[in-house]
Amino acid sequence: MFKVSSMTSNDLNSIKNILISDFDDFWDYNILNSELNCNSSKYIVIKTENNEIVGFSGLKIIVDEADIMNIVVKKSYRNLGLGSILLQNLINISKLQNLKSITLEVAENNLPAIHLYKKFMFKIVGIRPNYYNNETNAILMTKKL
């Protein structure tokens with residue numbers, strides 16, 4: 001059983017030393033800390049019954065739409081549906097904020113994430129060439145709310 005809640009500074013500090021090794025290497029502590037302290041950002045965590053943080057995600061609200069900043073699941077907990085839970089919660093937050101759409105970008109070779117977004121009815125609306133590390137294209141996707 002997993003529970004979702006708003007991310008706190010304590011949550012972030014508890015995963016500070018394992019962010020790169022256990023999650024992904026492109027969301028470091030300083031970036032997440034500044035996002036967490038930004039009024040237009042909303043971040044959530046997903047925890048086990050033992051309060052272990054096994055995933056987090058966030059979005060940034062820009063006028064009447066949301067940009068998903070990340071959905072990250074701990075490597076040892078992937079393929080359990082936690083990304084779907086996090087994404088559904090971001091959609092719910094966006095609806096509660098009366099936003100009109102949600103947009104995201106995803107690496108073209110991140111097939112599990114693309115499949116997840118398509119499952120939630122996100123549509124491909126464009127491509128950013130060589131966006132990641134100046135070599136991998138980003139696929140732009142959006143969902144109307």
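D28 caps the N-terminal end of helix α3, with a side-chain oxygen placed 3.2 Å from the backbone nitrogen of N30. The model is predicted. Helix α3 spans residues 29-36. Its buried residues are Y29, L32, E35 and L36. They lie on the same side of α3, because they cover an arc of only 130° around the axis. An α-helix has 3.6 residues a turn, so residues three or four places apart point the same way.

The largest pocket has a volume of about 1,100 Å³. Its lining comprises 35 residues. Nearest the centre of the pocket lie D24, I71, N110, A113 and Y117. Two or more lining residues come from each of β4, α4 (82-96), β5 (101-107), α5 (111-119) and β6 (123-132). Strand β4 gives the largest share, 7 residues. By residue class, the lining of the largest pocket divides into 20 nonpolar, 8 polar and 7 charged residues.

S57 lies in strand β3. This residue counts as buried because its relative accessibility is 0%, and the cut-off for burial is under 20%. Neighbours within four places in sequence are left aside in the contact list of S57. The remaining contacts of S57 are K42, Y43, I44, N70, I71, L86 and L90. Among them, I71 is also one of the residues that lie nearest the centre of the largest pocket.

Technical notes:
Residues are numbered from 1 along each chain as its sequence is written. This is a predicted model: local features need pLDDT of at least 70, side-chain atom pairs count only at pLDDT 80 or more; totals for chains, interfaces and linings use all residues. Side-chain values use heavy atoms; hydrogens and water are left out. Buried means under 20% relative accessible area, exposed over 50%, partly exposed in between (1.4 Å probe, protein chains only). Helices (H or I, at least four residues) and strands (E, at least two) are DSSP runs, numbered from the N terminus. The arc is that of the directions from the helix axis to the C-beta atoms. A polar contact is a pair of N or O atoms within 3.5 Å; within protein, one must be able to donate a hydrogen and the other to accept it, and residues adjacent in sequence count only if both atoms are side-chain atoms. On a 1 Å grid over the protein atoms alone, a cavity is a set of points where a 1.4 Å probe fits but cannot get out, and a pocket is an open set with protein on both sides within 12 Å along at least five of seven lines; lining residues have an atom within 4 Å of a point. Grid points are joined across faces, edges and corners, and a volume is the space filled by probe spheres set on the points. Ala, Val, Leu, Ile, Met, Phe, Trp, Tyr, Cys and Pro count as nonpolar, Asp, Glu, Lys and Arg as charged, and the others, Gly among them, as polar. Contact means heavy atoms within 4.5 Å.
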